[in-house]
Amino acid sequence: MADKEPRCGYVAIIGRPNVGKSTLLNKFLGVHLAATANKPQTTRNRILGILSGTDLQIIFVDTPGIHRQQKRLLNRKLNRTAQASIHGNDLVLFVVEADRWSSEDDLVLGKLKELDAPVIMVINKIDTLESKEALLPFLQKAQEKLPGAEVIPVSAFDEKSVDYLLDKVIERIPKGDFVYSQDAITDRPMRFHSSEMVREQLIQSLEQELPHAIAVNIERYEESETRIEIHALIIVEREGQKRIVIGKNGQVLKKVGTIARKNIARLVDKRVHLELWVKVKSGWQDSEQMLNQFGLDQD
Ligand SMILES: Nc1nc2c(ncn2[C@@H]2O[C@H](COP(=O)(O)OP(=O)(O)OP(=O)(O)O)[C@@H](O)[C@H]2O)c(=O)[nH]1
Ligand SMILES: [Mg+2]
């Protein structure tokens, strides 16, 4: 007979920006919970994604990408949030990108060396390699970087490889009672995730530099049995940015609203009415008070 003693553990997902941490989290959960985009510093908070079976609970901890740039308070806060999440886990997934080892990966590596939790090095995006042979030298190099760790190559877009990785994660989950109820998928309210779905679409729609200048604050969130009314305020740093976010004839904002609304509706399983506004608040990225107000984790 199978052992029915419950198992429960924390699994942190750590790495430099843009390697696919949040994409992997969403794939593990089978739900589009965390914002993802092909721009660095998409994730700004510690995000829990909870996967439960009858006698197994895995609490994934998605984190902001650890990076070198420390110019703004926002950057320093992102790094602090990620570093605070490295400790106190049962397993750490150190995510890197196939064939793209950078000095920021070394920066992350340095932080992992002091850990006592086991580390699996996940080499993501192997679908971008031209051939399987190209992977071998990189695998070897990765293994040399962290000799004790298991190294697993995956593509977040390939279900089979994600399932294989998940099996390896499950093997490492220790015995323990569930921390969250079996139906919970995250610890934050859907109000927070709604603002993330809006910010995600903004990041995906805008040019490289602009996403960092943007925050989203939910001003109104009214929920009934079947419907949610959400008013989201988009905060930018300058007038010019406001014009870009709105777009010609409001086209950018309209597209952002349409896709974000669909994604929120899928997440909350209700009808969603979403209204968006844009406001300029210069210097918010360096204001402790505004960073806290816009939902960034407090140190
Ligand atoms: N080709 C390919 N692209 C991927 C894969 N995994 C993720 N991506 C893409 O990589 C980009 C970054 O993904 P994210 O999940 O947002 O990366 P992240 O590590 O969470 O980034 P930060 O939150 O900024 O630290 C997105 O455009 C993803 O679609 C993969 O296996 N293959
Ligand atoms: Mg992310």
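## Close-up views of a predicted model

**View 1. Gly257 sits in helix 8, which spans residues 251-268.** Helices here are DSSP runs of H or I with at least four residues, strands are E runs of at least two, and both are numbered from the N terminus. Gly257 is buried, with a relative accessible area of 15%; buried means under 20%, exposed means over 50%, and partly exposed falls in between, using a 1.4 Å probe and protein chains only. From C-alpha to C-alpha, Gly257 and Ile173 are 39 Å apart in space, and 84 residues separate them in sequence.

Before you move on, a word about the model: it is predicted, so local features need pLDDT of at least 70 and side-chain atom pairs count only at pLDDT 80 or more, while totals for chains, interfaces and linings use all residues. Residues are numbered from 1 along each chain as its sequence is written, chains are lettered from A and ligands numbered from 1 in the order in which they are written, and side-chain values use heavy atoms, with hydrogens and water left out.

**View 2. Ser22 and Thr43 hold the magnesium ion, ligand 2, as its protein donors.** Donors are N, O and S atoms within 2.8 Å of the metal (3.2 Å for Na, K and Ca), and sites may look incomplete because water is not among the atoms. Ser22 is buried at 6% relative accessibility, and Thr43 is buried at 9%.

**View 3. Ligand 1 is surrounded by 23 residues.** The closest are Lys21, Thr23, Thr42, Thr43 and Asp127; to be near, a residue needs a heavy atom within 4 Å of the molecule. Now follow the oxygen atoms of ligand 1. One lies 2.9 Å from a backbone N or O atom of Gly20, one is 3.1 Å from a polar backbone atom of Ala37, and one is 3.0 Å from an N or O atom in the side chain of Lys125.

**View 4. The largest pocket holds about 440 Å³ of space.** Its lining has 27 residues, and Asn18, Gly20, Thr23, Thr36 and Ala37 lie nearest the centre. Helix 1 supplies the largest share of that lining, with four residues. A pocket is an open set of points on a 1 Å grid over the protein atoms alone, where a 1.4 Å probe fits and protein lies on both sides within 12 Å along at least five of seven lines; lining residues have an atom within 4 Å of a point. The volume is the space filled by probe spheres set on the points, which are joined across faces, edges and corners.

**View 5. Asp99 and Asn249 are loop residues.** Asp99 is not a glycine, yet its phi is positive, at about 65 degrees. You can find Asp99 between strand 4 (91-97) and helix 3 (103-112), where it is partly exposed at 49% relative accessibility. Asn249, also other than glycine, has a positive phi near 55 degrees. The loop of Asn249 runs between helix 7 (239-246) and helix 8, and Asn249 is exposed, with a relative accessible area of 75%.

Methods
Polar contact = N/O pair within 3.5 Å; in protein donor to acceptor, adjacent residues only side chain to side chain.
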